[in-house]
Structures are given as C-alpha cells and as structure tokens.
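Notebook open, model loaded. I want to go through strands, ring pairs, salt bridges and surface patches.

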Amino acid sequence: MTTNSSGPTGADLRRGPFRVGDKVQLTDPRGRMHTVELKPGATFHTHKGYFRHEDLIGRPEGWVVTNTAGVEYLALRPLLSDYVLSMPRGAAVVYPKDAGQIVQMADIYPGAVVVEAGVGSGALTMSLLRAVGDGGTLHSIERRDEFAAVARGNVETFFGGSHPAWHLHSGDFADVVVRIAEPGTVDRVVLDMLAPWENLDATATVLAPGGVFLAYVATATQLSRLAEDLRADGRFAEPVAWESMVRGWHLEGLAVRPQHRMIGHTGFLLTSRRLADGVVPPERKRRPAKGSYPTDAAENAGEWNEEDLGERPVSEKKLRKVVRSFAETDALPAPDA
Ligand SMILES: C[S@@+](CC[C@H](N)C(=O)[O-])C[C@H]1O[C@@H](n2cnc3c(N)ncnc32)[C@H](O)[C@@H]1O
C-alpha cells in the first residue's frame with residue numbers, strides 16, 4: 001500500500017470561528033478537559049447540565065460557553081500536543097517534548113525530503129509534516145498495516161484531510177526505502193523502532209552526504225548497540241546522544257514550585273551525519289577511557305568492574321587514606337580490634 005496524498009492541508013480549518021466538524025477542547029472550572037466534535041443539533045451533557053453545540057458554532061476560539069446548570073467551559077481547538085496525547089493509539093507515541101527535540105535536532109526544514117519509520121500511531125508524523133510543510137516530502141514506512149491505518153486516521157483527522165507532502169508506505173524500512181528513494185537523495189532519516197541498527201545500511205544508501213540520521217530508542221542497551229554499530233559502519237560521523245526531561249511547574253499564588261509528578265523517562269535520542277562516500281571517519285582524538293570496551297578476558301570472567309564501565313578505579317592506597325581520615329576523626333568505627 002502506498003498513499004500519495006494531495007489536497008489542502010487543512011491549515012485554514014484551524015483558524016476563524018468554530019465550524020461544524022471542528023474538534024473542540026472544553027476545560028471545566030476544575031481544569032478537566034473534554035473533547036467534542038461540533039455537530040448540528042447535538043448537545044454536550046454531563047451530570048451537571050448541558051449546552052447545545054449551536055451555542056459554540058460561529059463563536060470565536062477562546063469562547064466561554066455556559067451550560068443549563070451555570071457551569072462554564074472554555075472552548076479552544078486542541079493544539080497538536082493536546083491532540084497527540086488524546087488521539088487513538090496503536091503503538092506507543094513519541095511525546096510532544098521529544099517530537100520538538102526531533103524536529104529541531106534532526107534539522108527538519110520546509111521543503112526537506114524526510115523518511116521516517118515506523119509510523120506507529122502517527123504522532124511524530126504530524127510534527128514532521130508540519131516542519132517539512134506543503135512543499136516538502138515525508139515518506140512514512142510502517143510494517144504493520146493496522147498501525148498504518150491508525151496513523152492515517154489520526155493524521156487525516158488532524159489535518160482535516162490528506163497532506164500534500166505525505167506518502168505512507170507499507171512494509172519493512174530496509175526493503176521499502178531503497179525502492180522509493182534514489183541513493184543519496186534523502187535529507188533526513190528518522191527511525192523510531194526496536195532495532196534501528198538493522199537499518200543502517202539502507203539509511204546510509206539513501207542519505208545524502210551531510211544528511212542527518214536520528215533515532216529514538218527506549219533503553220540504554222539499544223542506545224549502546226546503535227552507537228557501536230554506527231561507528232563500525234564507517235559511513236557516519238561520530239554519534240551524539242541525549243535525553244530530555246521536562247518538569248512542569250505548579251503556579252498558585254505563593255506556591256510556585258515544580259509539580260510533584262513528572263514523566264521520568266520516555267526515550268533517548270541519537271543523531272549522526274552521513275559522511276561523503278569513500279571518506280574514512282577522522283580518528284577520534286579523545287580515546288575512549290581505558291576499559292570502555294571490555295576485553296575478552298573481562299567478558300569471559302562474567303564480572304563487570306569500574307574499567308568496563310569507563311570509570312576510573314579507586315586505588316587501594318587512596319581508599320586506605322580515606323578510611324584513615326575517618327578513623328582519625330572517629331567518624332568510622334575502628335576496624336575490628
Ligand atoms: C513505537 S512505534 C512508532 C511510534 C510513532 N513514531 C509515533 O510517534 O506514533 C514503532 C513502530 O515501528 C514499526 N516498525 C518496527 N520495525 C520496523 C521496520 N523495520 N520497518 C517499518 N516499521 C517498523 C512497528 O510496527 C511500530 O509500529
């Protein structure tokens with residue numbers, strides 16, 4: 001299945017007064033949110049009264065509608081970040097905080113040719129489409145047809161129809177990408193999948209020299225495998241990896257402080273640039289710390305030590321000195337006497 005979409009992006013649908021078919025986010029006095037699709041003759045009911053959708057149709061965004069029991073609701077069109085968190089999901093979605101990082105750090109720009117896989121629920125797809133714009137190209141490759149169908153539903157609902165830059169393909173990234181893109185013609189490759197290292201050869205084939213590869217992975221073990229395989233491939237510059245943590249703040253009078261709860265982990269991001277063909281990556285001046293790569297002997301021994309993890313071991317002499325310093329101040333019980 002390959003979908004070559006064309007038509008309006010629905011940008012205008014996101015402006016102006018509320019219309020029939022708009023999705024509207026209602027916030028009640030307790031801050032609870034409800035999303036409704038405006039339909040003629042429909043009502044929004046809770047156990048505390050109702051209002052008619054007609055009370056909103058034709059009103060500007062940011063309107064406050066009052067129901068039959070006097071409860072007020074603030075009405076706004078959902079932002080992309082609101083929509084992504086409330087839309088139907090097949091697979092786990094890329095959270096807005098990571099989508100923002102991906103667009104910026106993979107340098108997704110208007111008019112770019114971008115390939116992403118997998119598509120999952122289409123959350124990242126929508127941020128990529130916004131960034132490449134109507135004049136760009138986004139090829140989204142998903143190997144599970146059910147997920148591709150969920151993604152298409154979410155993307156087309158959000159944009160109010162098909163997006164001219166979007167091409168959705170079914171199949172495995174490595175098979176599909178070399179069919180749809182000539183070697184060296186893709187500006188950016190973005191992978192969100194379990195084993196992105198399996199796709200480095202296909203990625204290197206289609207990426208233009210200087211093109212950006214970005215991967216989003218959930219665990220440190222995936223990150224490590226990917227970094228080592230990129231280095232071993234030889235067609236990529238030294239990878240860079242990071243994670244982002246966002247801590248919301250509570251804003252209430254004098255009680256202005258971080259929120260008590262936060263999302264502690266979503267995933268790690270890694271980027272690397274495609275080298276020109278035939279170029280050998282420059283030798284790294286900073287050598288890896290001794291022991292960063294375990295020797296066969298260490299691996300066979302089955303025990304990890306500080307050196308295996310790239311940490312400097314503490315010398316016996318230094319340790320004795322520290323223990324002595326505590327013993328002198330009576331901070332530590334004297335060793336068994
Ligand atoms: C975590 S989901 C992607 C979520 C998506 N980025 C989003 O924001 O909604 C991972 C997806 O990758 C797909 N996938 C895994 N390996 C793939 C491959 N080699 N080619 C294409 N799709 C793949 C899976 O079927 C799954 O739908």
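Predicted model: local features only at pLDDT ≥ 70, side-chain atom pairs only at ≥ 80, totals over all residues.

**Entry 1, nonpolar patch.** I started with Leu-76, which sits in strand β7. With Val-64 and Leu-74, Leu-76 makes a nonpolar surface patch of about 200 Å².

How many aromatic pairs does the structure hold? I find 6. For Phe-51 and Tyr-73 the ring centres are 5.9 Å apart and the planes are at 50°, so I log this pair as tilted. The pair links distant parts of the chain, with Phe-51 in strand β5 (residues 49–52) and Tyr-73 in strand β7 (residues 72–76), 22 residues apart. Is Phe-51 buried or exposed? Phe-51 comes out at 2% relative accessibility, so it counts as buried. Tyr-73 is buried too, with a relative accessible area of 3%.

Next I took Phe-213 and Phe-236: their ring centres are 6.0 Å apart and their planes are at 55°, so that pair is tilted as well. Phe-213 is in strand β12 (residues 207–217), while Phe-236 is in the loop between α7 (220–233) and β13 (240–242), and 23 residues separate them. Both of these Phe residues are buried. I also noted that ring pairs join Phe-44, Phe-51 and Tyr-73 in a cluster.

Asp-28 bridges to Arg-32, with the closest N and O atoms 3.0 Å apart. Asp-28 has 9% relative accessibility and so counts as buried, whereas Arg-32, at 46%, counts as partly exposed.

Glu-61 pairs with Arg-77, again with 3.0 Å between the closest N and O atoms. This one links distant parts of the chain: Glu-61 is in the loop between β5 and β6 (63–66), and Arg-77 is in the loop between β7 and α1 (80–86), 16 residues apart. Glu-61 is partly exposed at 33% relative accessibility, and Arg-77 is buried at 7%.

Asp-107 and Arg-188 meet at 2.8 Å, N to O. Asp-107 lies in the loop between α2 (96–105) and β8 (113–117) and Arg-188 in strand β11 (residues 186–192), so their bridge ties together parts 81 residues apart in sequence. I get 41% relative accessibility for Asp-107, which counts as partly exposed, and 8% for Arg-188, which is buried. One network turned up as well: salt bridges with shared partners join Asp-22, Glu-61 and Arg-77.

Which residues of α3 are buried? Helix α3 (residues 123–132) is mostly covered, with 9 of its 10 residues buried. Among them are Leu-124, Met-126, Leu-128, Leu-129 and Val-132. Gly-133 follows α3 and has a positive phi, near 75°.

I then moved to Phe-173 in helix α5 (residues 173–180). Phe-173 is buried, with a relative accessible area of 3%. Phe-173 and Ala-202 are 29 residues apart in sequence, and their C-alpha atoms are 8.1 Å apart in space.

Arg-312 is in the loop between α8 (296–301) and α9 (316–328). Its relative accessible area is 79%, so Arg-312 is exposed.

Note on methods: Residues numbered from 1 in each chain as written. Heavy atoms only, no water. Helix = DSSP H or I, 4+ residues; strand = E, 2+ residues; numbered from the N terminus. Buried < 20%, exposed > 50% of the residue type's maximum accessible area, 1.4 Å probe, protein only. Phe/Tyr/Trp six-rings, centres within 6.5 Å; stacked < 30°, edge-to-face > 60°. Patch = residues over 30% accessible without salt bridge, like charges linked within 9 Å, V, L, I, M, F, W, Y side chains within 5 Å. Areas by Shrake-Rupley, 256 points an atom, 1.4 Å probe, with all protein chains shown as cover. Salt bridge = Lys/Arg side-chain N within 4 Å of Asp/Glu carboxyl O.
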